Amino acid sequence: MSGVVRFTAAALRRRARPLGRLAGWSAAEALPALLAGNLTARAVDDGFLAGRPGTGLAWLGVLAVAVAIGAVGTNRAYACLGDVVEPFRDELAERVVTGALHRSTAAGARPETAAVARLTHQVEIVRDTFAGLVMVVRGFLFTAVAALLGLFSLTPVVAGVVAVPLIAGLALFAATLPAMVVRQRDYVHADERLGEVAGAAFTGHRDVVACGAQEIVADRVGRQVHRQAGAEYALARMAALRSLSLAVGGWLPLAVLLLAAPWLVRHGLTAGAVLGALVYVATGLQPALHALVQGVAGGGLRFAVTLDRILDATTPPPTDTAASQLRTVTEAAAEVDSPRAGAAPVWAELRGVTFRYGPRARPVLDGFDLTLGEGAYLAVVGPSGAGKSTLAGVLAGLLRPQAGTVLLGGTPVGAAEPAVLARHRVLIPQEAYVFAGTLLDNLRYLRPDAPGSEVDAAVHRLGLLPLVRRLGGLTATVDPTALSAGERQLVAAVRAFLSAAPLAILDEATCHLDPVAEATVEEAFGARPGALVVIAHRISSALRAREVLILDGGRPLHGRHQDLLAGSATYRELVGHWHADPVRAGVADG
C-alpha cells in the first residue's frame with residue numbers, strides 16, 4: 001500500500017492551489033461547529049434563564065447567521081472538489097491507457113479489451129471514493145478542531161476530559177486500519193476468483209456434464225464459495241472493531257460529560273455552559289468522528305485496494321532509451337551485421353516458426369521459414385482463414401509463435417520492447433487510424449523529425465496531394481470522421497512511408513482504395529529502401545510483387561507469379577476467382 005500513499009500524496013501536492021481554496025471554504029463551513037456551543041451557552045445563561053428571552057433569541061439569531069455562512073462554505077467546498085478530484089482521475093486514466101498500450105504492444109502480446117474495460121471501471125470507483133475520502137477527512141479535521149477550540153474557550157477542563165477518549169478512539173481506529181485494508185483486499189480477491197471459477201463452470205457446463213465432472217467442478221466452485229464467505233466474515237469482524245472505536249471516541253465523551261455534569265455545576269459551571277459543551281460533543285465531535293470512521297472504513301478501503309490494483313496492473317516496463325532514438329532507413333541498414341562484407345542486410349527472418357491459436361488447434365504456420373532481405377517485395381495470397389494476417393502479426397512481433405525464431409534486423413522479437421520493434425518494422429492494418437490534430441502531425445507521427453522536403457515528396461509520390469489541397473495544407477486540422485476510409489488509408493500509408501523502419505507490412509492496407517491509387521501506393525513502397533510484405537487484396541498486388549507466397553492451409557508455396565501460375569492449382573484458382581470479381585477483386589482477411 002506504500003505505492004497508494006505515494007501516488008495519492010504526489011497527486012495532492014500537485015493540487016496545492018485547489019486544496020487551498022477547499023481548505024478556505026471548509027473553514028467557513030466549520031464556523032457553526034466553532035460557535036454553536038458558546039452561542040447556545042450565552043442564549044441560555046444570559047437570555048432565557050435570566051428572564052431576557054429577547055437576548056436569548058438574539059444569540060440564537062447569531063447562530064443562525066453562522067449556520068448560513070457554513071451552508072455557503074459547504075456549497076463552495078463541493079464546487080472546489082472537482083478541481084482536486086477530476087485531474088486525479090485524468091492522471092489515473094492516462095496511466096491505465098498507457099499501461100494497456102505497453103502491454104498490448106509488447107512482443108507476443110494481444111489486446112485485452114476486457115481488462116481495459118475493467119480497469120476503466122475501477123478508475124471511476126477510485127474517483128468516487130477519492131472524492132468521498134477528501135470530503136470526510138477535511139470535514140473531520142475542520143469540524144473536530146473547531147469544536148475542540150470552541151469547547152476549550154467555553155470550559156478548558158471539559159475540553160481536556162472530552163479530548164482524551166476522542167484521541168483514544170482515533171488511535172484504536174488507526175491501529176485496526178491496516179488489518180481492515182488486508183481484509184478488504186482479501187475479500188475483493190476472493191470475490192473476483194469466485195466469479196472467474198463460477199463463470200468458467202457455467203460457460204462449460206455442457207462439457208462438464210458430458211465428461212461426468214459435475215462433482216469435481218462443484219467441489220472447486222464450493223471451495224471458492226467458502227473462501228469468499230470466510231473473507232466476508234473476516235471483514236465483518238473488522239466492522240465490530242470499527243464500532244468499538246466509534247463507541248470510545250464518540251459516545252464515551254458524551255457519557256463522561258453527562259456523568260460529570262452535577263460535579264461541574266457544583267464547581268461553578270453554568271447550566272448554559274454544560275448545555276453548550278453537550279452541543280459541541282453531540283453536534284460537532286461525534287458526527288465528525290462517525291463520518292470519518294464510516295467514510296474511511298467504507299469508501300477509503302475500497303479506494304486503497306482498488307487504486308493498489310490499478311497501480312500494480314499499469315506499472316509500465318522500463319524503457320530502452322537507446323532504442324527510442326530515431327533513425328532513417330539508411331542508418332538502420334548500416335547497423336545490421338552482414339554475414340560477409342558487402343552483403344545485403346536481412347530485414348526479417350523466420351526460422352522453423354510454428355504458430356497455433358490454441359494448444360490443440362491446427363497450426364496456422366508449421367515449421368515455417370522465410371527470409372526477407374534488402375529489396376524484397378513479397379505478396380502473400382491465400383483463401384480466407386489461411387493465415388495471411390497471422391503471418392503479418394508474427395512478422396511484426398505482435399503474435400508470439402509456440403516454436404521457432406523471429407528476427408527483425410537480426411534482433412529476436414521475443415523479448416524486444418515495442419520501441420525496439422518500431423525501429424525495424426512498420427505495420428499498416430486494414431483499418432487505418434487518424435487522430436485529431438494537424439495533417440502534418442499525423443504524417444510525422446512515426447518520425448517527428450522527418451524533413452519537410454521528405455514529407456512533400458511522400459505526399460506527391462503516394463497520391464495524397466488532392467487531400468492536402470482540399471484540407472487547406474499540411475498544417476490544416478484534421479477531423480478523422482470527415483475523412484473517407486480510403487483517405488484515412490492514404491494518410492496511414494504516407495505516415496508509414498516516412499517511418500524509419502526498413503520493413504513495411506501492408507495488411508490489406510489499401511482495400512478501400514481504387515486500383516490506380518492502390519498501385520501508386522504499392523509501387524512507392526516497392527521502390528522504398530528496405531523490404532515490403534503485402535497481404536494481397538487484389539491479384540494486381542501479386543502481379544506487381546517480385547515474389548508471391550501462397551498460404552492455403554497446407555505446405556506454403558513461395559515463388560514468382562509466372563512460376564506459381566504454372567505449378568500451383570491453388571494459385572490458379574485464386575487468380576481465376578479474383579478475375580471473376582472485378583469490383584471486390586479480393587478475398588477476406590486471413
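## Contact between helices H1 and H9

Two residues are said to be in contact when heavy atoms of theirs lie within 4.5 Å. In this predicted model, such contacts join Gly 3, Val 4, Phe 7 and Thr 8 of helix H1 to Phe 303, Ala 304, Leu 307, Asp 308 and Leu 311 of helix H9. By class, the residues of this contact comprise 6 nonpolar, 2 polar and 1 charged.

The axes of H1 and H9 approach within 9 Å and cross at roughly 95°. Because angles of 65 to 115 degrees count as roughly perpendicular, H1 is described as roughly perpendicular to H9.

## The chain as a whole

The chain has 590 residues, of which 46% are buried. Its secondary structure consists of 20 helices and 12 strands. Among the contacts in the chain with a separation of 6 or more, 76% are made by residues 24 or more positions apart.

## The second largest pocket

The second largest pocket holds about 550 Å³ of space. It is lined by 24 residues, and those closest to its centre are Thr 8, Leu 12, Leu 133, Val 137 and Phe 303. Two or more lining residues come from each of helix H1 (2-13), helix H2 (16-29), helix H5 (113-154), helix H6 (156-203) and helix H9 (271-313).

Which helix gives the most to the lining of this pocket? Helix H5 does, with 7 residues. By class, the lining of the second largest pocket divides into 20 nonpolar, 3 polar and 1 charged residues.

## Ala 68 in helix H4

Ala 68 belongs to helix H4, which covers residues 53-104. Is Ala 68 buried, exposed or partly exposed? Its relative accessible area is 42%. Buried means under 20% and exposed means over 50%, with partly exposed in between, so Ala 68 is partly exposed.

Leu 31 lies 37 residues from Ala 68 along the chain, and the C-alpha atoms of these two residues are 9.6 Å apart.

His 424 is part of helix H12, residues 418-424. The relative accessible area of His 424 is 8%, and therefore this residue is buried.

Which residues does His 424 touch, once its neighbours within four places in sequence are left aside? They are Leu 408, Gly 409, Thr 411, Ala 501, Pro 502 and Leu 503. Leu 503 is also a residue of strand S9 (503-507).

## The loops on either side of strand S9

Ala 500 is located in the loop that runs between helix H16 (485-497) and strand S9. With a relative accessibility of 11%, Ala 500 counts as buried. In sequence, Ala 500 and Arg 447 are 53 residues apart, whereas their C-alpha atoms are separated by 6.8 Å in space.

Glu 508 is placed in the loop between strand S9 and helix H17 (515-527). Although Glu 508 is not a glycine, its phi is positive, at about 50°. Is Glu 508 buried or exposed? Glu 508 has a relative accessible area of 1%, so this residue is buried.

Notes:
Residues are numbered from 1 along each chain as its sequence is written. This is a predicted model: local features need pLDDT of at least 70, side-chain atom pairs count only at pLDDT 80 or more; totals for chains, interfaces and linings use all residues. Side-chain values use heavy atoms; hydrogens and water are left out. On a 1 Å grid over the protein atoms alone, a cavity is a set of points where a 1.4 Å probe fits but cannot get out, and a pocket is an open set with protein on both sides within 12 Å along at least five of seven lines; lining residues have an atom within 4 Å of a point. Grid points are joined across faces, edges and corners, and a volume is the space filled by probe spheres set on the points. Helices (H or I, at least four residues) and strands (E, at least two) are DSSP runs, numbered from the N terminus. Ala, Val, Leu, Ile, Met, Phe, Trp, Tyr, Cys and Pro count as nonpolar, Asp, Glu, Lys and Arg as charged, and the others, Gly among them, as polar. Axes are lines fitted to C-alpha atoms, for helices over the stretch in contact, and angles run from 0 to 180 degrees between N-to-C directions. Angles under 35 degrees count as roughly parallel, over 145 as roughly antiparallel, 65 to 115 as roughly perpendicular and the rest as oblique. Buried means under 20% relative accessible area, exposed over 50%, partly exposed in between (1.4 Å probe, protein chains only).
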